[in-house]
Amino acid sequence: MLFVRYLALTTLAVWLGGMVTVGLIVAPSTFSVLQAADPAMGRVLAGALFGEILGRFHLLAYGCGGLMLACLLVLKFVGPPPRTFVPRLAIVAAMLALEVYAGVPVTREINALQSQVTGPMNALPATDGRRMRFDRLHQTSTVLMTINMALGLVLLTWYVREP
């Protein structure tokens, strides 16, 4: 069972580390470098690049979430289960649900809005419905990832405290 616990912890580290890397390093770096290189279209290119990176990350996260659920179920039924089995299962399921929501409907709508605009979204007037909707979706995506990072830290704390 040590292997299953180790696998779950490693999977959590990959997922949590990926969120931190994508959100705090990749996104700001991508936008700052590409906008500096081409002030006119750099933001559009950065958005396309980051969208591709984020899409691939979502697939990784789905795999991590599914593997963590499987590990928890193995620990539960093959034993011994973690003392905080039910809260952990609920947190992993919630994290996976938030990830799927961010990765499917939110991303799909962001992509649909971007396909309607030829330049950067922030070039549209602040009162343009497409820009307002894009800004809300971007904020939603950021909040979902922040919640998932916080939940991942809670899980990490439990894993670290276990003997």
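The lining of the second largest pocket has eight nonpolar residues, four charged ones and no polar ones. Here Ala, Val, Leu, Ile, Met, Phe, Trp, Tyr, Cys and Pro count as nonpolar, Asp, Glu, Lys and Arg as charged, and the others, Gly among them, as polar. This is a predicted model, where local features need pLDDT of at least 70 and side-chain atom pairs pLDDT 80 or more, while totals for chains, interfaces and linings use all residues. Residues are numbered from 1 along each chain as its sequence is written, and side-chain values use heavy atoms, without hydrogens and water.

| Largest | about 820 Å³ | Phe31, Phe50, Gln114, Phe134 and His138 |

A pocket is an open set of points on a 1 Å grid over the protein atoms alone, where a 1.4 Å probe fits, with protein on both sides within 12 Å along at least five of seven lines; lining residues have an atom within 4 Å of a point.

In the largest pocket, α4 gives the most to the lining, with nine residues. By class, that lining holds 17 nonpolar, 13 polar and three charged residues.

Glu99 is buried yet has no salt bridge, and Arg56, the nearest side chain of opposite charge, is 14 Å away. Buried means under 20% relative accessible area with a 1.4 Å probe, protein chains only; a salt bridge needs a side-chain nitrogen of Lys or Arg within 4 Å of a carboxyl oxygen of Asp or Glu.

Notes: Points joined across faces, edges and corners; volume = space filled by probe spheres on them. Helix = DSSP H or I, 4+ residues; strand = E, 2+ residues; numbered from the N terminus. Buried < 20%, exposed > 50% of the residue type's maximum accessible area, 1.4 Å probe, protein only. Lys, Arg positive; Asp, Glu negative; His and termini not counted.
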